[in-house]
Amino acid sequence: MSTQAPHLKTANQETGVAGSRGLSQYLVMPVVLGIALLALYVYVSLQELDSIEERSLNAARLTRAVWEHIQLTAVSTLLTLLIAIPLGILLTRPFTRRIRPYIVTVLTVLQAVPTIAILVLLAVAFLFLGFAAAIVGLVLYAIVPVLLNTMVGLEQVDDAVLEAGRGMGMSRTTVLQKIELPLAIPVMLAGIRTALVINVGTAALVTYINAGGLGDIIVAGLSTNRIVVQIVGAALTAILALLIDYIAGLIEDLLRPRGL
Amino acid sequence: MTSADSHETRQVMIRLEKLTKHYPGQQRNAVDGLDLDINEGEIVVLVGPSGCGKTTTMKMINRIIEPTSGRIILNGEDVTRTDADQLRRRIGYVIQQTGLFPHMTIGENVATVPKLLGWDKSRTDARVDELLNMVNMDPEIFRHRYPKQLSGGQQQRIGVARALGGDPTVLLMDEPFGAIDPITRDRLQNEFLRVQSEVRKTIVFVTHDIDEAIKMGDRIAIFKEGSQLAQYDTPEQILTAPADDFVAEFIGRGASLKRLNLSYVGDIDPRPWPTVSVSTSIAEARETLRNAAESALIVVDEAGRPHSWVSPEELNRAGEGSSLKEIGQTPRAIVEPRATLSDALNELIAARYAVTLVVDDTGKLQGVVDIEQINDSIRSMRASAVTEARASLGGEP
């Protein structure tokens with residue numbers, strides 16, 4: 001998946017327009033999500049809610065869960081970027097060539113461990129619970145796609161372009177800033193988007209270590225056997241995930257350098 | 001042998017002293033103790049089989065490849081250990097794959113070195129326009145385009161313009177026209193020689209194509225495998241007096257034919273040919289042809305440009321009322337004075353009457369060139385080259 005991005009070239013190359021989608025296509029997703037939210041609201045309004053359901057499905061509780069979920073996603077993704085992008089840059093510099101394969105292997109193995117296992121491990125072995133523990137689990141899992149895409153993005157830059165840059169007297173730092181990173185951005189953004197989607201989905205699990213989020217609603221519905229509550233929790237998680245993916249797509253289109 | 005006599009008066013721009021490159025893990029040096037002087041304002045072509053060290057040599061001049069030992073002296077200054085980034089801003093660099101920055105516009109690409117040198121915006125913009133005009137790319141059209149919107153030939157033109165950005169005294173070119181189709185390559189070579197006649201840079205040009213070397217080079221350095229310099233001399237001398245069997249073999253057969261690339265139609269006097277104007281009557285044209293030794297007439301238009309060939313058969317077939325404008329065959333073999341004798345020969349082989357028409361810049365007919373004249377020209381070239389080779393022999397003890 002990560003290597004797909006460079007081939008997704010813009011349709012309007014001749015005119016140099018950055019966007020790959022028309023305005024109407026940009027509007028489809030928000031409209032669909034709006035309709036889904038409305039349908040959910042109508043569905044819940046038509047139900048006779050008992051006291052347990054009412055305790056879970058009130059505006060204050062749902063808003064808090066959504067807000068916690070957004071915080072979990074945002075903080076974990078931000079930390080992921082802060083760790084993975086500099087690491088990816090370091091691991092593509094010539095002086096790290098020898099240790100590169102080992103680090104990539106270790107991280108790939110780490111990613112094979114499910115987040116829930118990491119969370120449980122943190123909770124049981126270290127008695128590490130709550131928001132901070134959730135962030136650790138999420139970050140560990142999301143580092144790999146961002147790191148690998150940063151490395152692939154930087155490595156796929158044409159050697160001739162780099163040689164031309166160096167040959168004209170750009171320093172290594174200038175070449176990184178002005179040439180390598182801009183040319184790697186499409187692939188890097190694809191990795192970041194993947195990390196975001198992973199995080200928004202996995203954040204539904206951190207309720208098990210008492211870190212909040214929309215998982216609270218789903219688990220409340222499951223433990224009390226209330227279908228409506230489960231549906232609301234699951235639907236809100238899905239809508240939030242799609243919304244964040246949509247926003248990430250917008251950012252991808254905006255940041256993609258023209259001329260590629 | 002390392003310097004031709006005729007160039008000794010000119011100032012040395014690049015001097016390589018005992019330049020050596022050793023790659024770790026390899027037995028032989030990629031470049032081994034090379035001494036080479038390159039004079040100001042000349043194009044020196046490094047040519048040789050792959051693995052001969054020509055590219056490594058060139059890349060050591062701007063230290064994209066750092067030499068293991070030896071010295072590089074640029075315009076009298078030892079630059080072997082100076083700041084490489086600063087050095088490279090003084091040396092233009094053109095590579096085969098162009099290496100244009102795909103995310104930058106043509107204007108931004110060409111402005112790369114001026115920006116690194118800290119020129120202000122108006123000076124940079126003026127320079128970009130000047131360079132784009134110099135390589136025949138209209139700035140109004142191309143300044144804001146991206147590299148991928150350009151053809152291969154246009155991209156390579158921009159590569160040259162970008163390399164000239166900071167007005168360097170030295171230009172390094174690594175097979176710049178290697179990845180371009182033959183027709184476009186020929187045009188780019190001619191254009192580049194025209195640009196060079198204006199800018200007079202000191203140019204080190206790497207190629208594996210001996211024909212390109214002969215066409216582009218003021219002097220040619222032929223490398224043997226194992227980075228030995230086999231011969232360093234003018235194209236004329238290399239073609240006439242190859243230093244050894246390796247050089248002779250590298251030039252290949254047809255050295256005489258290759259020499260035709262070194263002289264121009266303008267160097268020889270075109271032969272006259274019976275000519276009539278389009279307004280001449282058919283009867284007069286018949287009379288002219290009857291008195292001529294040749295087997296056909298050239299018809300020229302009012303401006304003196306060749307219009308057609310007419311044969312006796314065509315004149316006989318034509319009725320009294322018809323005009324010379326309507327009969328005859330359009331001439332195909334036409335060359336300008338700047339064309340090489342090789343071009344002229346190529347044209348005349350395919351031509352109807354075994355001659356090539358020579359026209360001036362306005363297209364006016366000057367006369368014709370035939371195989372005899374080309375042959376004479378080869379013979380005199382060979383004679384003078386032999387004399388020169390003999391003279392240089394006599395100069396050594």
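In this predicted model, strands β14, β15 and β16 of chain B form an open sheet in that order, with mixed pairing. Strands of a sheet pair through backbone hydrogen bonds, and the pairing may be parallel or antiparallel. The edges of the sheet are formed by β14 (334–335) and β16 (365–370) of chain B, each of which pairs on one side only. Strand β14(B) runs parallel to β15 (residues 355–359) of chain B, and two bridges join these strands. Within this pairing, B:V335 stands opposite B:V358 of β15(B). Helix α15 (residues 341–350) of chain B packs on the sheet and touches β14, β15 and β16 of chain B. The direction of α15(B) makes about 130° with that of β15(B).

In chain A, helix α6 (residues 130–155) packs against helix α3 (residues 59–90) at an angle of about 40°, and the axes of α3(A) and α6(A) lie 7 Å apart. This angle makes α3(A) oblique to α6(A). The crossing of α3(A) with α6(A) is right-handed. The contact of α3(A) with α6(A) comprises 19 nonpolar residues and five polar residues, with no charged residues.

Helix α6(A) also packs with helix α5 (residues 115–126) of chain A, at an angle of about 145° and with the axes 9 Å apart. Here too the crossing, in which α5(A) passes α6(A), is right-handed. From α5(A), the contact is made by A:T115, A:I118, A:L119, A:L122 and A:A123. The residues contributed by α6(A) are A:A133, A:V136, A:G137, A:L138, A:L140 and A:Y141. By class, nine residues of the contact of α5(A) with α6(A) are nonpolar and two are polar, while none is charged.

The two chains also meet: 20 residues of chain A are in contact with 21 residues of chain B. On the side of chain A that touches chain B, the elements giving two or more residues are α7 (159–167) and α8 (172–202) of chain A. The largest share of this side, six residues, comes from α7(A). The residues of chain A on this side divide into ten nonpolar, six polar and four charged.

Conventions:
Residues are numbered from 1 along each chain as its sequence is written. Chains are lettered from A and ligands numbered from 1 in the order in which they are written. This is a predicted model: local features need pLDDT of at least 70, side-chain atom pairs count only at pLDDT 80 or more; totals for chains, interfaces and linings use all residues. Axes are lines fitted to C-alpha atoms, for helices over the stretch in contact, and angles run from 0 to 180 degrees between N-to-C directions. Helices (H or I, at least four residues) and strands (E, at least two) are DSSP runs, numbered from the N terminus. Angles under 35 degrees count as roughly parallel, over 145 as roughly antiparallel, 65 to 115 as roughly perpendicular and the rest as oblique. A crossing is left-handed if the near helix is turned anticlockwise from the far one by less than a right angle, and right-handed if clockwise. Ala, Val, Leu, Ile, Met, Phe, Trp, Tyr, Cys and Pro count as nonpolar, Asp, Glu, Lys and Arg as charged, and the others, Gly among them, as polar. Two strands pair if DSSP finds at least two bridges between them. Two residues are in contact if their C-beta atoms, placed from the backbone, lie within 7 Å.
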